[in-house]
Amino acid sequence: MSKGGIDIEQVFRVEGLDGVRAAAIVLIVIDHVIEIVCAFHNPDAFSHMHSSARFALFFAFTAGRLGVDLFFFLTGYLLLPRVFDQAATQKFYRRNFLSLLATWELWIVLYNLFIGWLDATDFRAHVPPEDHFFFVPKPLAIDTLLRNMVFVEAVGLVHAWYLAAILGVYIFLPIVARTLKTLSDRELLTLTAIAFIYYFIVPSVDHFTECTLETWISLSFSGEIFGVYVVLGYIIRRFEPTLIAHKNFLIAVSIAAIALTAQIQIDAFKHGEVYLVWHDFCLLPIASIGLFVAIKRAALRNRLIEILSRYSFGIYLLHAPILMLLLRFDPSPTLGRGFIWFVSIMALSIITIKIFGAAPALQRLLFRVR
């Protein structure tokens with residue numbers, strides 16, 4: 001591919017990265033299904049559950065959180081090493097930023113229609129209060145739609161923040177890519193360590209201690225902490241031979257970090273606090289690095305992985321509305337039905353995307369399938 005031919009939907013098909021992208025979307029759907037089905041926002045939800053079952057659920061939930069991190073890693077791994085001369089930069093903004101913006105604006109309209117319809121079905125009356133966090137029902141209103149479209153009000157679905165974050169990353173990505181290439185390894189790692197302290201260590205210490213810490217310096221580009229995740233993806237690419245050489249150690253660290261994070265959340269619930277780990281918790285990027293290296297190195301390939309990878313963006317856009325419909329008509333799911341929910345979400349998303357294959361231009365616009 002020429003320097004100017006940068007297209008993220010094409011370049012991710014490097015050996016091993018299909019598996020990373022497929023794993024990322026599977027983990028995200030697992031994360032949201034578990035969060036809903038297990039009523040994680042109810043502090044009494046686990047009072048009668050056996051300790052091993054509780055740990056397994058929190059381990060799976062924590063691993064699910066890593067799905068979004070893997071997506072940001074992929075962005076940094078694939079795009080930041082590229083040469084952004086004038087032609088490549090212009091092509092990136094035209095083919096990636098503007099096309100993604102067009103897709104998101106269309107989905108903002110579709111989501112507002114969906115939210116308005118679901119509100120008319122009296123969603124809150126049918127769904128347990130601890131699950132209301134996932135969706136903000138409100139009547140369809142033009143002023144709300146316009147505020148969503150100009151990014152001064154969030155879209156009322158729990159997964160929508162990712163699109164705003166990745167658009168923010170894209171705005172400055174060519175500039176950051178040029179800058180990173182001027183840094184020595186020592187300079188890059190030093191600056192990343194400083195960012196890690198302020199964006200991950202400080203919030204984690206602030207949450208779990210009586211210290212009141214507030215950072216007064218902004219170190220990320222437009223993606224905030226997710227900009228740091230993107231840079232970490234670039235670091236994985238830059239130091240990949242060294243990381244691969246220590247793959248087994250990284251995998252062990254990743255498993256330990258997930259397990260420790262799961263236990264921390266369980267302990268919080270035991271003390272009556274609802275604590276569901278977010279991406280600024282210091283152990284998550286550490287766990288994500290080991291997971292990324294392990295999956296990419298495994299280089300798993302089969303037809304299902306290829307489909308999940310190719311349709312991952314569309315599955316991400318579709319999974320939350322489908323989950324809301326399942327919750328609306330099955331408001332008290334069991335853990336066993338949670339597995340059925342997961343399979344249903346994946347199957348319905350893939351079928352929907354395939355149906356639009358009859359109109360390739362519309363499929364590309366809606367789901368960014370190439």
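This section describes helix packing, aromatic pairing and selected loop and helix residues in a predicted model.

Two of the helix contacts examined involve helix α12, which spans residues 283–298. In the first, α12 packs against helix α3 (residues 51–79), with the axes 9 Å apart and at an angle of about 70°. Because angles of 65 to 115 degrees count as roughly perpendicular, α3 is assigned a roughly perpendicular orientation to α12. The handedness of the crossing of α3 and α12 is right-handed. On the α3 side, the contact comprises Thr-62, Arg-65, Leu-66, Asp-69, Leu-70, Phe-73, Leu-74 and Tyr-77. These residues meet Leu-284, Pro-285, Ala-287, Ser-288, Ile-289, Leu-291, Phe-292, Ile-295 and Lys-296 of α12. Classified by residue type, the contact of α3 with α12 contains twelve nonpolar, two polar and three charged residues.

The second contact of α12 is with helix α11, formed by residues 247–270. Here the axes approach to within 8 Å and cross at roughly 135°. The two helices, α11 and α12, are therefore oblique to each other. The crossing of α11 and α12 is left-handed, whereas that of α3 and α12 is right-handed. From α11, the residues involved are Lys-247, Leu-250, Ile-251, Val-253, Ser-254, Ala-257, Ile-258, Leu-260 and Thr-261. Their counterparts in α12 are Leu-283, Leu-284, Ile-286, Ala-287, Gly-290, Leu-291, Val-293, Ala-294 and Arg-297. The contact of α11 with α12 is made up of 13 nonpolar, three polar and two charged residues. Leu-284, Ala-287 and Leu-291 of α12 take part in the contact with α3 and also in the contact with α11.

Ala-299 has a positive phi, near 50°, although the residue is not glycine.

A further helix pair consists of α7 (residues 161–180) and α9 (residues 225–238), whose axes come within 9 Å and cross at roughly 50°. The orientation of α7 and α9 is therefore oblique. In this pair the crossing is right-handed. Helix α7 contributes Trp-161, Ala-165, Val-169 and Leu-180, and helix α9 contributes Phe-226, Gly-227, Val-230, Val-231, Tyr-234 and Arg-238. Eight nonpolar residues, one polar residue and one charged residue make up the contact of α7 with α9.

Phe-151 is placed in the loop between α6 (142–149) and α7. The phi angle of Phe-151 is near 65°, again a positive value in a residue other than glycine. With a relative accessible area of 40%, Phe-151 is partly exposed. Phe-239 occupies the loop between α9 and α10 (240–245). In contrast to the partly exposed Phe-151, Phe-239 counts as buried, at 17% relative accessibility. Apart from neighbours within four places in sequence, the contacts of Phe-239 are with Asp-185, Leu-188 and Leu-189. The C-alpha atoms of Phe-239 and Gly-67 are 22 Å apart, and the two residues are separated by 172 residues in sequence.

Pro-333 is situated in the loop between α14 (312–329) and α15 (335–355). When residues up to four places away in sequence are not counted, Pro-333 touches Val-37 and Trp-341. A C-alpha separation of 43 Å is found between Pro-333 and Ala-193, which are 140 residues apart along the chain.

Among residues within helices, Phe-92 lies in helix α4 (residues 86–120). Phe-92 is buried, with a relative accessibility of 0%. Phe-92 and Asn-42 are 50 residues apart along the chain, and their C-alpha atoms are separated by 44 Å.

Across the whole structure, 26 aromatic pairs were identified. One of these is formed by Trp-104 and Tyr-111, with a distance of 5.8 Å centre to centre and an angle of 65° between the planes. The arrangement of Trp-104 and Tyr-111 is edge-to-face. Both residues of this pair, Trp-104 and Tyr-111, are buried.

Note on methods
Residues numbered from 1 in each chain as written. Predicted model: local features only at pLDDT ≥ 70, side-chain atom pairs only at ≥ 80, totals over all residues. Heavy atoms only, no water. Axes fitted to C-alpha atoms, helices over the stretch in contact; angles between N-to-C directions. Helix = DSSP H or I, 4+ residues; strand = E, 2+ residues; numbered from the N terminus. Parallel < 35°, antiparallel > 145°, perpendicular 65-115°, else oblique. Left-handed = near helix turned anticlockwise from the far one by under 90°. Contact = heavy atoms within 4.5 Å. Nonpolar A, V, L, I, M, F, W, Y, C, P; charged D, E, K, R; others polar. Phe/Tyr/Trp six-rings, centres within 6.5 Å; stacked < 30°, edge-to-face > 60°. Buried < 20%, exposed > 50% of the residue type's maximum accessible area, 1.4 Å probe, protein only.
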